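Dear colleague,

Please find the structure for your review directly below. My notes on what was found in it follow.

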Amino acid sequence: MRFFIYIFLALLIVGTSSCAKKKTELEEKSDVEFEGDVIGEREREEASIGEGNIYEALNMDNEGLKMVENAIRTTGLDTVLAQGGPYTFFAPSDAAFDQLTEEALGYSAVPDSIENEELRNILLHHVVKGSFMDAEIAQMQELETMYGGPLEVSTANGQLTVEGASIVFGDREADNGYIHIIDEVLIPN
């Protein structure tokens, strides 16, 4: 479990430094505001139309998902999410990765090397076989991940949560499934 967190922290450091220049370039080109987990109205309208496979849809000029995009590419899951399916992917926002603090994790050491298999397992804990929209997920009690563990589903005060993480933007359609942006990283037990 500790090693999973090390991987996310290392990814956070690497992803942040490598994306800084690209982020500046994209911000200059973008006419859609994206701040934290808030997506502009034009992008909401476009999100209901399939924009390629799940990995390509994550790639669509969305600055708030760069860390998960880098993690997927690093572990080779981009090829898995680009073909086959259907899948439902609960994509942690960059803000979700930022919440992984040393204080919350209980340790401060970050390893010098990253084992892709551990990171891959964490990401597979965010992927469910099958194509599920918010309304369908709300009718379920749990979902089985490709990692092999369950994700508990609940609705409280009109907010749909998966394993305690709120779905802040759901039903982004891709050719091989759906993406739901969540506000926490889901760590398998």
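I begin with M67, which is buried at a relative accessible area of 7%; buried means under 20% relative accessible area, exposed over 50%, and partly exposed in between, with a 1.4 Å probe and protein chains only. M67 is found in helix 4, and its C-alpha atom is separated by 5.8 Å from that of D94, 27 residues apart along the chain.

Please note that this is a predicted model, in which local features need pLDDT of at least 70 and side-chain atom pairs count only at pLDDT 80 or more, while totals for chains, interfaces and linings use all residues. Residues are numbered from 1 along each chain as its sequence is written, and side-chain values use heavy atoms, with hydrogens and water left out.

Overall composition

The protein chain has nine helices and nine strands; helices (H or I, at least four residues) and strands (E, at least two) are DSSP runs numbered from the N terminus. Of its 189 residues, 47% count as buried. The accessible surface of the protein chain comes to about 9500 Å², and 47% of that belongs to carbon and sulfur atoms; areas come from the Shrake-Rupley method with a 1.4 Å probe, and for residues only the protein chains shown count as cover. Among contacts (heavy atoms within 4.5 Å) with a separation of 6 or more, 69% are accounted for by residues 24 or more positions apart.

Helix 4 (residues 66-75) is largely enclosed by the rest of the structure, because eight of its 10 residues are buried. The buried residues are K66, M67, V68, E69, N70, A71, I72 and T75. Just after helix 4, G76 takes a positive phi of about 80°.

The structure holds two salt bridges, a salt bridge being a side-chain nitrogen of Lys or Arg within 4 Å of a carboxyl oxygen of Asp or Glu. E69 pairs with K66, where the closest N and O atoms are 3.3 Å apart; both lie in helix 4, three residues apart, about one turn of the helix. E69 is buried at 5% relative accessibility, and K66 is buried at 10%. E69 also forms a salt bridge with R73, with the closest N and O atoms 3.6 Å apart. E69 and R73 are four residues apart in helix 4, about one turn, and R73 is partly exposed at 41%. Salt bridges that share partners join K66, E69 and R73 into one network. An α-helix has 3.6 residues a turn, so residues three or four places apart point the same way.

Backbone features

Most residues other than glycine have a negative phi, and most peptide bonds are trans. A cis peptide bond joins G85 and P86, with omega of about 5°; P86 sits in the loop between helix 5 (77-82) and strand 3 (87-92). N157, not a glycine, has a positive phi of about 55°. N157 is placed in the loop between strand 6 (150-156) and strand 7 (159-162) and is exposed at 85% relative accessibility. E163, also not a glycine, has a positive phi of about 55°; E163 is found in the loop between strand 7 and strand 8 (165-174) and is partly exposed at 36%.

Yours sincerely
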